[in-house]
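Subject: Structure handover

Hello,

Here is the structure I promised to pass on. Please open it beside this email and follow along.

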Amino acid sequence: MTTLNHSPHILLIYTGGTIGMIENPITGALENFEFSQFKKYVPELQGFNFDIDALSFDLPIDSSDMEPRYWVKIAHIISDHYQNYDGFVLLHGTDTMAYTASALSFMLQNLGKPVIITGSQLPIGRLRTDGKENLLTSIEIAAATDSRGRPMVPEVCIFFENRLMRGNRTTKINAEGFNAFRSFNLPSLAHAGIHIKYEEHLIRRPEPGAVFKPHFLLDNNVMILTLFPGIRPEVVDACFAVRGLRAVILKTFGSGNAPQKPWFMDKLRALIDRGVIVVNVTQCYKGSVEMHRYGTGLQLLQAGVVNGYDSTMESVLTKLMFLLGHDYPHNEIVRLMNTDIAGEITV
């Protein structure tokens with residue numbers, strides 16, 4: 001644990017993404033550059049009065065190619081270096097950043113140190129890049145301690161354009177602007193202006209004496225079915241017939257409503273009777289599933305559909321992969337989906 005007389009030691013982990021790319025002067029295409037060049041593009045790193053080390057994926061990947069095996073790799077890196085560093089900054093592409101942040105929030109149980117994930121919309125070498133500010137502030141947050149010498153934010157978070165957000169509450173909402181991420185159902189944990197203002201009452205801390213425990217088991221036999229007006233039985237049949245399917249995320253309307261068509265409910269009940277877990281998540285960015293509110297939602301509840309509350313889709317997906325990966329009994333998975341285990345839902 002960091003003390004008042006301790007110089008923070010931060011590890012940067014580069015997985016890939018726009019922040020670590022430069023433009024090829026001939027083709028104009030964005031290409032990964034060697035991480036060792038990072039200090040050339042961000043000389044401000046020398047201004048920190050603490051130690052910063054860095055490592056990179058051997059082959060940096062575009063975030064569109066991010067998948068569970070890379071989450072496991074990141075968790076192993078953090079676990080292997082956990083005792084040697086006070087905080088971690090993960091550089092990641094924006095497209096799947098919220099998925100990675102959500103997955104790590106479940107995989108890094110009893111996390112007692114900051115894991116701050118950031119990236120950029122423009123490469124770090126561009127004059128107008130947002131990457132420098134995101135990187136420098138993320139490092140400062142990862143090294144920050146309170147008056148007792150404890151890490152300010154011992155959570156998996158995303159920092160982007162002046163906002164520090166709990167990772168499993170975050171969604172990418174903008175493909176063009178610098179305000180790429182939002183946490184709609186939980187206020188930001190900190191805002192960066194002239195000073196960084198922390199909302200300490202929102203920040204989660206592990207239970208006293210709890211030991212950090214990384215997890216590496218995931219199961220991706222999960223499917224997302226987005227409901228839409230006019231959805232056909234054949235579409236639902238194709239989704240539900242996927243081989244090895246263990247869980248379905250049902251993206252419903254409004255506060256968790258679905259069509260009352262008898263054929264749809266019959267197929268849903270048959271799926272649940274097969275032992276497949278079905279979780280209800282609203283298509284709306286803000287708000288919560290309330291299946292008891294209308295008859296169109298109540299029928300889902302009566303069929304055995306699990307309430308997704310105010311979860312993001314990224315959080316529900318990765319939480320299911322995590323729970324299924326550990327092969328918990330069906331009833332235990334349902335119980336844990338209805339339990340806030342990493343600050344991901346408001347029950």
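Which residue in β18 is the bridge partner of Asn280? Find Asn280 first, then look across to the neighbouring strand. The partner is Asn307. Keep in mind that this is a predicted model.

**The open sheet**

Four strands form it, in the order β15-β16-β17-β18, and the pairing is parallel. The edge strands are β15 (222–226) and β18, since each of them pairs on one side only. As background, strands of a sheet pair through backbone hydrogen bonds, either parallel or antiparallel.

Look at β17 next. It covers residues 277–282. Six of its six residues are buried, so the strand is largely enclosed by the rest of the structure. Its side chains point two ways. Ile277, Val279 and Val281 go one way. Val278, Asn280 and Thr282 go the other way. Both sets are buried.

β17 has a partner in β16 (residues 247–252), and the two pair in the parallel sense over six bridges. Two places are handy for checking this on screen:

- Ala247 has Ile277 of β17 as its bridge partner.
- Leu250 stands opposite Asn280 in β17.

β17 also pairs with β18 (residues 306–307), in the parallel sense and over two bridges.

How does the chain get from strand to strand? β16, helix α6 (residues 262–273) and β17 make a right-handed β-α-β unit. β17, helix α7 (residues 295–303) and β18 make a right-handed β-α-β unit too.

Now turn to α4, which runs over residues 131–143. α4 is mostly covered, with 10 of its 13 residues buried. Among them are Leu135, Leu136, Ile139 and Ile141. Asn134, Thr137 and Ser138 are buried as well.

Helix α3 (residues 97–107) is mostly covered too: 10 of its 11 residues are buried. The buried ones include Met97, Leu104, Phe106 and Met107. Thr100, Ser102 and Ser105 are also buried.

**Rings**

How many aromatic pairs does the structure hold? There are eight. One to look at is Phe184 with Tyr285. Their ring centres are 5.1 Å apart and their planes are at 15°, so the pair is stacked. Phe184 lies in the loop between β11 (181–182) and β12 (190–192), and Tyr285 in the loop between β17 and α7, so the pair ties together parts that are 101 residues apart in sequence. Phe184 is partly exposed, with a relative accessible area of 28%.

Lys73 lies over the face of Phe57, at 4.1 Å from the ring centre. The charged end of Lys113 sits over the ring of Tyr82, 4.6 Å from its centre.

Is Ser183 buried or exposed? It is buried, with a relative accessible area of 13%. Its side chain reaches the backbone oxygen of Arg169 at 3.5 Å. A polar atom of that side chain also lies 2.7 Å from the backbone oxygen of Leu186.

Arg169 sits in the loop between β9 and β10. Arg169 is buried, with a relative accessible area of 5%. Arg169 and Ser183 are 14 residues apart in sequence, but 5.4 Å apart in space, C-alpha to C-alpha.

Thr170 is in the loop between β9 (163–166) and β10 (171–172). Thr170 is buried, with a relative accessible area of 0%. A polar atom of its side chain lies 2.6 Å from the backbone oxygen of Arg166.

**Where to begin**

After that, visit the stacked pair of Phe184 and Tyr285.

Best wishes

Technical notes
Residues are numbered from 1 along each chain as its sequence is written. This is a predicted model: local features need pLDDT of at least 70, side-chain atom pairs count only at pLDDT 80 or more; totals for chains, interfaces and linings use all residues. Side-chain values use heavy atoms; hydrogens and water are left out. The expected span of a helix is 1.5 Å times one less than its number of residues. Buried means under 20% relative accessible area, exposed over 50%, partly exposed in between (1.4 Å probe, protein chains only). Two strands pair if DSSP finds at least two bridges between them. A crossover is right-handed if, with the strands pointing away from the viewer, the path from the first strand over the helix to the second runs clockwise. Rings of Phe, Tyr and Trp (its six-membered ring) pair if their centres lie within 6.5 Å; planes under 30 degrees apart count as stacked, over 60 as edge-to-face and the rest as tilted. A charge sits over a ring if NZ of Lys or CZ of Arg is within 6 Å of the ring centre and within 35 degrees of the ring normal. A polar contact is a pair of N or O atoms within 3.5 Å; within protein, one must be able to donate a hydrogen and the other to accept it, and residues adjacent in sequence count only if both atoms are side-chain atoms.
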